[in-house]
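Please look over the chain below before reading on.

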Amino acid sequence: MPVQSTPDQLVGILRDTVVALVRRDGPDLSARQLGVFLTVYLGEGPHTVRGLAASLNVSKPAITRALDRLGELDFARRKTDPQDRRSVLVQRTVKGAALLREMRSIMGEAAQAAVETAPQQAGTAQAANTQVHARRAV
């Protein structure tokens with residue numbers, strides 16, 4: 001039976017993941033770059049600059065800047081759409097797929113740690129709650 005995560009646990013998993021990514025030997029991505037990256041890798045393609053801008057509710061120039069950085073790092077690649085030469089398609093790369101695998105591994109470890117510490121935190125919270133009620137009763 002799957003264990004439901006609390007919002008605090010999910011934020012903790014996100015924090016642990018971001019910290020691990022910052023600490024690893026490699027480039028850092030901004031929140032916008034990470035959002036574009038994850039949208040490209042987790043969403044159904046093909047992806048265009050216009051489509052990414054609409055999906056993320058940001059301007060096309062903001063997507064272009066994020067894609068410039070992702071392209072420099074070889075996490076994504078732009079290619080002219082052969083069906084419509086005015087449109088640019090965003091493609092995944094092998095290096096980007098490796099980053100996504102690393103992120104999944106890090107998040108999996110962080111989620112496992114959250115599950116293992118949840119009973120301890122629940123016990124601590126329950127004890128604190130009991131103390132508060134005992135003080136109010138006095």
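Leucine 14 sits in helix H1. Together with Val18 and Val22, Leu14 forms a nonpolar patch on the surface. The accessible area of the three together is about 250 Å².

## Overall fold

This is a predicted model. The chain holds five helices and three strands. Read from the N terminus, the order of elements is α-α-β-α-α-β-β-α.

How much of the chain is buried? Of its 138 residues, 26% are buried.

## Helix packing

Two packed helices are described by the angle between their axes and the distance between the axes. Two pairs are described here.

Take H2 and helix H3 (residues 49-56). They pack at an angle of about 110°, and their axes are 11 Å apart. H2 is therefore roughly perpendicular to H3, as angles of 65 to 115 degrees count as such. The crossing of H2 past H3 is right-handed.

Next come H3 and H4. Their packing angle is about 110°, with 9 Å between the axes. That angle makes H3 roughly perpendicular to H4. H3 and H4 also cross in a right-handed sense.

## Salt bridges

How many salt bridges does a search of the whole structure find? The search finds six. Three of them are described here, including the pair of aspartate 16 and arginine 15. In that pair, the closest N and O atoms are 2.7 Å apart. Aspartate 16 has a relative accessible area of 33%. This value lies between the 20% and 50% cut-offs, so aspartate 16 counts as partly exposed.

Arginine 24 and glutamate 102 form another salt bridge through their side chains, at 3.7 Å from N to O. This pair links distant parts of the chain, 78 residues apart. Arginine 24 belongs to the loop between helix H1 (7-23) and helix H2 (31-42). Glutamate 102 belongs to helix H5 (residues 94-137). Is arginine 24 buried or exposed? Arginine 24 has 18% relative accessibility, which is under 20%, so it counts as buried. Glutamate 102, at 32% relative accessibility, counts as partly exposed.

## A bridge between strand and helix

The side chains of arginine 78 and aspartate 68 also meet in a salt bridge, with 2.3 Å from N to O. Arginine 78 is in strand E2 (residues 76-80), while aspartate 68 is in helix H4 (residues 60-72). The pair therefore ties together parts that are ten residues apart in sequence.

How accessible are these two residues? Arginine 78 is partly exposed, at a relative accessible area of 35%. Aspartate 68 is partly exposed too, with 33% relative accessibility.

## Backbone geometry

Which peptide bond is cis? The bond from glycine 45 to proline 46 is cis, with omega near 0°. Proline 46 lies in the loop between H2 and strand E1 (47-48).

For asparagine 57, phi is about 55°. Asparagine 57 is placed in the loop between H3 and H4. Its relative accessible area is 71%, which is over 50%, so asparagine 57 counts as exposed. For aspartate 74, phi is about 60°. Aspartate 74 lies in the loop between H4 and E2. At 32% relative accessibility, aspartate 74 is partly exposed.

Glutamine 112 is placed in helix H5. With 42% relative accessibility, glutamine 112 counts as partly exposed. How far apart are the C-alpha atoms of glutamine 112 and isoleucine 13? These atoms are separated by 9.3 Å, although the two residues are 99 residues apart along the chain.

Methods
Residues numbered from 1 in each chain as written. Predicted model: local features only at pLDDT ≥ 70, side-chain atom pairs only at ≥ 80, totals over all residues. Heavy atoms only, no water. Salt bridge = Lys/Arg side-chain N within 4 Å of Asp/Glu carboxyl O. Buried < 20%, exposed > 50% of the residue type's maximum accessible area, 1.4 Å probe, protein only. Helix = DSSP H or I, 4+ residues; strand = E, 2+ residues; numbered from the N terminus. Patch = residues over 30% accessible without salt bridge, like charges linked within 9 Å, V, L, I, M, F, W, Y side chains within 5 Å. Areas by Shrake-Rupley, 256 points an atom, 1.4 Å probe, with all protein chains shown as cover. Axes fitted to C-alpha atoms, helices over the stretch in contact; angles between N-to-C directions. Parallel < 35°, antiparallel > 145°, perpendicular 65-115°, else oblique. Left-handed = near helix turned anticlockwise from the far one by under 90°.
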